Amino acid sequence: MQSKPVSCDDKLHVGIIMDGNGRWATRRGLSRVRGHEAGVETIRRIVEAAPKQGIGTLTLYAFSTDNWRRPRAEVAALMTLLRFYLSNEVQSLIKNGVRLTVIGRRDRLPDGIASAIARAEEAIAHGSTLHLRIAVDYSARDAILNAAAKAAALTSLTREAFSQLVTGEASLRNVDLIIRTSGEKRLSDFLLWEGAYAELHFTERMWPEFDAGDLAEALAAFHGRERRFGGLQAIMPEEVPALSRA
């Protein structure tokens, strides 16, 4: 009897705070923009490596709501890189069976980017090897606040229903592991709801240096931990009973 293929939704959900592009470049006498360009190359490497290492959903923190405070020239360069990625990576993502979702606000993005996001999402909506989620103009606190506003109109509410309001996706797997590069040890408003029980892994490696071996090391550390979810014995996330908040 042929076994049923494992859906990417049944595999690990890993979130990565891609930090250190600017510092990596500055230490090498390069512009910060060159660091962000190198960071895009790292995205390609990790997207390719993730499914081979048991990851089904990969959420990358590309641009936070607070990043609008950066110098205009750097923000403009980041938006240009986003355009480039959306226009040049689609065929590669299709070939590798990647499904793309962009989370965060789109109304403040420069002209044409929101449309480019929609086209890219539609073109690769059926990938089954990896669900790639890219957070752009994203704030976890804003996502929770917006969900609470929508929930106010409901007569009853469950965690599952509220989670869908927060994420915009039905049955999205909670985050298993959050990785942050560059040595910083904070979440910076990233996946606060869906990462409530995520394991955390911090590495000194700058994002442009991060590779498949570093990802494997983070996953090995993750698999070596006991996840008790508030109980006394280690259990799998799927075994946690669903709790409603009517």
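**Overall.** I counted 8 helices and 6 strands in the protein chain. Helices (H or I, at least four residues) and strands (E, at least two) are DSSP runs, numbered from the N terminus. I read the order along the sequence as β-α-α-β-α-α-β-α-β-α-α-β-β-α.

**Ground rules.** This is a predicted model, in which local features need pLDDT of at least 70 and side-chain atom pairs count only at pLDDT 80 or more, while totals for chains, interfaces and linings use all residues. Residues are numbered from 1 along each chain as its sequence is written, and side-chain values use heavy atoms, with hydrogens and water left out.

**Cover and contacts.** I found 46% of the 246 residues buried. Buried means under 20% relative accessible area, exposed over 50%, and partly exposed in between (1.4 Å probe, protein chains only). The chain exposes about 13200 Å², with 52% supplied by carbon and sulfur atoms. Those areas come from the Shrake-Rupley method with a 1.4 Å probe; for residues, only the protein chains shown count as cover. I then checked contacts (heavy atoms within 4.5 Å). Of those with a separation of 6 or more, 75% join residues 24 or more positions apart.

**Strand β1.** I went to residues 12–17 and found 6 of 6 buried. Which residues cover the two faces of β1? L12, V14 and I16 lie on one side, H13, G15 and I17 on the other, and all are buried.

**Pairing.** Strands pair if DSSP finds at least two bridges between them. I traced β1 to β2 (residues 55–64), parallel over 6 bridges. L12 partners I55, and I17 stands opposite Y61. β1 also runs parallel to β5 (residues 177–180), joined by 4 bridges; there G15 partners I178. I followed β2 onward to β4, again parallel, with 7 bridges. T59 stands opposite R133 there. In β2, 9 of 10 residues are buried.

**Second largest pocket.** A pocket is an open set of points on a 1 Å grid over the protein atoms alone, where a 1.4 Å probe fits, with protein on both sides within 12 Å along at least five of seven lines; lining residues have an atom within 4 Å of a point. I noted a volume of about 760 Å³, the space filled by probe spheres set on the points, which are joined across faces, edges and corners. The lining has 34 residues, with M18, Y61, A62, F63 and N67 nearest the centre. Elements giving two or more residues are α1 (21–27), α2 (32–49), β2, α3 (72–88) and β4 (130–138).
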